[in-house]
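Please open the model in your viewer and keep the selection tool at hand. The stops below are to be visited in order.

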Amino acid sequence: MAFSELLADMESFPTLAWVSPALTAVAVILVALFSSYRKSPKGFNVPTLGEDSQMRYVQEADVLLREGYEKFKNTIFQVLTPDGPRLFLPRKFANELKPFKRHEASGMKALADRHLGHYTTIDHESDVMLGAIKIDLNRNLGLFVGDVEQEVAHCFKTKFPSCEEWTPVDLHETLLRIVAQASARIFVGYPMCRNDEWLECSTKFALDVMTGGEKLKLWHPWLRPFAQYWIPEMRRIRGDHQRALDLLMPELKKRAAETRQPDEPPRQDMIQWMQQRAQKLGDKSFDYKELANLQMLTATAAIHTTRLAIIHALYDIAARPEYIAPLREEIREVTKDTNGILQKQHLTQMRKLDSFMKESQRHSPPSVATYQRKAMIPIDLSNGFHIPKGTIVQCNTNILDETPAAWGAPHEFDGFRFYRLRENPEDTNRFQFASPSYDSMQFGFGNDACPGRFFASNQIKIILSYILSNYDIKFEDSVKGRPKNFMFEVNVMADPTVKVLFKKL
Ligand code: HEM
C-alpha cells in the first residue's frame, strides 16, 4: 500500500480532528518510518526460489511455485515473500503431516496467522461451530434441497435482470447475493435469510478481514495495536460483530420465547444446531454474542469460496459451450420424474455436472497451496527437515504434472474426465467433487479437510443447474477463450472485469 493511502486512512480516523498537531506529526513520522515495514528475510536451511521473488509471489505465485517444482522436485524450498520466508513442501509431505492432530499441526491457526487473526478476530476456534458444520449440517443436508432451490429461484426473480435479450451480468456481485441468501436459508433460517442488512453484514465482514489484515501487515508488529485504529476496515470489524448481534437479536428472542408443540418437528438450521451443541458440550462461554460471531465466521468460510467456485465453473462453461447441451440434458434426465423439481438424490445423480465442477476446480483451485499447517509442536519430517514450533508450512498442491496417468492428459480441460473414471464399478463413489484425496487437495486433505465441502457441492449444483435450465450463457464477443485467473499470493481469483451474457430460455 502506498504511503498516501496510509495517510488517507489516518485522515479518516475520527479522533484525529481534535488531536494536537504535534501528535499528528509524530504519527505521520511513525507511518513514514514503518509503512514500508517488511519482515526481515531470516530464512530456513533449504534452497531459496529466486532471490527477487517478493513481487512475483504476490502477482504470480502459480508460475513461481511451478518453477519451484521444476527446479527442486521432491525437495522442500522457501520463497521470500512480503511476509517473510515461506516454506513449500512437495505434495508427498501432506501424507506425513496428515496423522498430526489439530493441536499439533493446525490449518485454522495457519489461516488465522495469515490474516492477523488476533486483530481481525478470526483467530477463534470453536468446537460448537465445527461440530455444527461437520455433524449437524452434513447429517441434514438432504432436508434443504427444496428450500435452497426456492431461495435461488427467489433471488433470480428479484435480484437478477430479466434477460429477455442477451444481457451482461456481473457475476461477482450477483452471485454474492445468491450464494449468501441460499446459504443463509440454512445458517439463520427463513425469513432472516432474506434480510438485506444481514446478508450485507455477513458478506462484508470477510472483505473487511481480508483487506484490514493486509493493510495492518504493512505495519511493524509493535505498532499494530495502535495502527489497527487507523485502518477503516479494522475499525469496521468491531462494528460488524455488534451489528450482527443486533440484527440477530429479534430472531433469537423470538425463538427463546416460543413454545413448540410436542408434535412440531424441531427447527433445523445452524442457529439451532449451534445452540444445541453448546448445551451438549457444556460451553459456558456460549451466549448470543458468541452465536452471532460464529455465524459471521461460518458465513466467511462458506460464501466467498462457494461463489468463486461457481464463477470459475461458469467461465469454464462459457469458454467451452459444447458442454452446455450434455449438462442440460443430464439435469433434465435426472429430474424428469419430478417435473424438474430438485430432490436430494438428483444431486448425487448429476455425475457429469459433478465431474465438470471438479475439473473446473482442478484448473482453478481456491489456492495453489491448499494444504497449510502451523506447527504447534516441533515436527521432524522423514527427510530430516525440522519444522520449528510456530512455523507455517504449506504443500505445493497445484502442479498439474503430478496428475495420475490414469486421469488422462494432465494439462487439458476435460470436463467429463471424472465422470468417465467413475464408470468403473469399483470407482463409482470416488473422484467426486467433494472427495479430497492425495491427488486432489483443493478442499485440503485428511481429518481437517474442509467440513463444508458437501454443503458447497450441493449449493453449487443447485445454482448451476438452475442457471443451465433457465438461461443460455456466453461471453461478450471481446472475450477470447477462458479468461486468465488473477493471483493474489497463493489465492486464485476469477477475472472480475469479465461479464457473462445471459439470455432466458
Ligand atoms: C467451494 C467452496 C469451498 C472451498 C473451495 C473450501 C476450501 C477449504 C479449504 C482448502 C480448507 C482448508 C482445509 C485443509 O487445510 O485441510 C477449508 C477449511 C474449512 N472450511 Fe471450507 N471451502 C469451501 C466451502 C465451505 C463451506 C460452505 C463451509 C461452511 C459451511 C466451509 C467451512 C470451512 C471450515 C470451518 C474450515 C476449517 C476446518 C478445520 O479447521 O477443521 N467451507 N475450506
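This is a predicted model: local features need pLDDT of at least 70, side-chain atom pairs count only at pLDDT 80 or more; totals for chains, interfaces and linings use all residues.

Residues are numbered from 1 along each chain as its sequence is written, and side-chain values use heavy atoms, with hydrogens and water left out.

Select Cys-450 to begin. Its SG, at 2.3 Å, is the only protein donor of the iron atom of the ligand (donors are N, O and S atoms within 2.8 Å of the metal, or 3.2 Å for Na, K and Ca; water is not among the atoms, so sites may look incomplete). Cys-450 is in the loop between α18 (417-421) and α19 (453-470); helices are DSSP runs of H or I of at least four residues, numbered from the N terminus.

Next, select Thr-203 in helix α10 (residues 196-217). Thr-203 is buried, at 7% relative accessible area (buried means under 20%, with a 1.4 Å probe and protein chains only). Beyond its neighbours within four places in sequence, Thr-203 is in contact with Leu-176, Ala-180, Ile-303 and His-304 (heavy atoms within 4.5 Å).

Now display α10 together with α14. The two helices pack at an angle of about 75°, with their axes 9 Å apart (axes are lines fitted to C-alpha atoms over the stretch in contact, and angles run from 0 to 180 degrees between N-to-C directions).

Finally, select Val-152, one of the residues with the most contacts inside the largest nonpolar core, which has 102 residues (buried Ala, Val, Leu, Ile, Met, Phe, Trp, Tyr and Cys joined through side-chain atoms within 4.5 Å). Helix α14 (residues 288-319) supplies the largest share of this core, 16 residues.

Key:
Buried means under 20% relative accessible area, exposed over 50%, partly exposed in between (1.4 Å probe, protein chains only).
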